[in-house]
Amino acid sequence: MYRLVTISRFLVSLAALVLCTTVAVSAQDRRQNAPGEFDFYVLSLSWSPSYCEAASERGNNGRGTQAQCGGRPYSFVVHGLWPQYERGFPEYCQRPSPRLARGIMSSMLDLMPAPGLIYNEWDKHGTCSGLGERAYFETVRKARAAVKIPEEFLQLSEPKTISPDDLEAAFIKVNPGLSSSAIAVTCDSRRLSEVRICLSKDLQFRSCEEIDRRACRRDQVLMPPMRGG
C-alpha cells in the first residue's frame, strides 16, 4: 500500500512538472531571440531624479552613476528602446554582440547620460532590432523625438506627488494619438521609476496590454525634484 501511494505521488509530481514545462514553452514566442523578428517597441523613459536618489540610498556612487547624477540636472532620460512580442520579449539576440563604436555611444549621451547604459542597451535590446548599431540608435533618437514631455516635468524644482493615472493623463494630453492603453507608469516602493510608451515599428503609438498589466498599482508616486531644485 505504501509503495502504491509513493508511486501515485511521484506520478502527480511528474504530471505537474510536465504541465509547468509546457506552459513555460508555450509562453515563449516561437521567434525567440531572432533579430528583427518582433511586434513593437517600448520606449522606456526613466525619471532620473528617482534613479539618482535610489542610487544614493544604496551607496552606489560609482563612475556610471556619477555620469547621470553629477552636476547636470536631468528630468526624463531614455532608459531604452526595447523590441517586444505581444507576449514576452527577446534579449541578447547576438552573442557575442557586435562591438558598439565609441563614437556612436558618445553621440547618445544627451539622451542616455551613462556610457554603461548605452553599451548594455545595445547588447541586450539593440541586437534584437535587426538594425545595425547606427540605425538602431538613430531609431532611439526618432522614438524619443516622437514623444513630448509635459511642460510641468521639464523643470521640476520641488518634490511632486502624483497618481499614475494623472501622470499618464499629462502625457496623453500633449501627445495626440497616445491612449491609456499605450502607456504605463512603473514605480518602486514609493517613487516614480519610468514611463513606458508602446510604439509600432514605424514609431506610431499603439496599445500593449501586457506592458499595461505590469504598471504601477500605487495610488500615488513621488517624483523627487531635479538636481538644484
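**Contacts, cover and a cavity**

Trainee: How much of the contacts with a separation of 6 or more in this protein chain comes from residues 24 or more positions apart?
Mentor: Those residues account for 77% of such contacts in the protein chain. Keep in mind that this is a predicted model.

Trainee: Okay, and how many helices and strands are there in the chain?
Mentor: You'll find eight helices and six strands.

Trainee: What pattern do they follow along the sequence?
Mentor: Reading along, you get α-β-α-α-β-α-α-α-β-α-β-β-α-β.

Trainee: Switching topic: how many of the residues count as buried?
Mentor: The protein chain has 229 residues, and 41% of them count as buried.

Trainee: And what does the accessible surface come to?
Mentor: It's about 12,600 Å² for the protein chain, with 52% of that belonging to carbon and sulfur atoms.

Trainee: Which residues line the largest cavity?
Mentor: Ser48, Pro49, Cys52, Gln68, Arg72, Pro73, Tyr74, Met226 and Arg227.

Trainee: Which helix gives the most to that lining?
Mentor: Helix α2, spanning residues 48-57, with three residues.

Trainee: How do the lining residues divide into nonpolar, polar and charged?
Mentor: Five are nonpolar, two are polar and two are charged. Arg72 and Arg227 are the charged pair, because Arg counts as charged.

Key: Residues are numbered from 1 along each chain as its sequence is written. This is a predicted model: local features need pLDDT of at least 70, side-chain atom pairs count only at pLDDT 80 or more; totals for chains, interfaces and linings use all residues. Side-chain values use heavy atoms; hydrogens and water are left out. Helices (H or I, at least four residues) and strands (E, at least two) are DSSP runs, numbered from the N terminus. Buried means under 20% relative accessible area, exposed over 50%, partly exposed in between (1.4 Å probe, protein chains only). Contact means heavy atoms within 4.5 Å. Accessible areas come from the Shrake-Rupley method with a 1.4 Å probe; for residues, only the protein chains shown count as cover. On a 1 Å grid over the protein atoms alone, a cavity is a set of points where a 1.4 Å probe fits but cannot get out, and a pocket is an open set with protein on both sides within 12 Å along at least five of seven lines; lining residues have an atom within 4 Å of a point.
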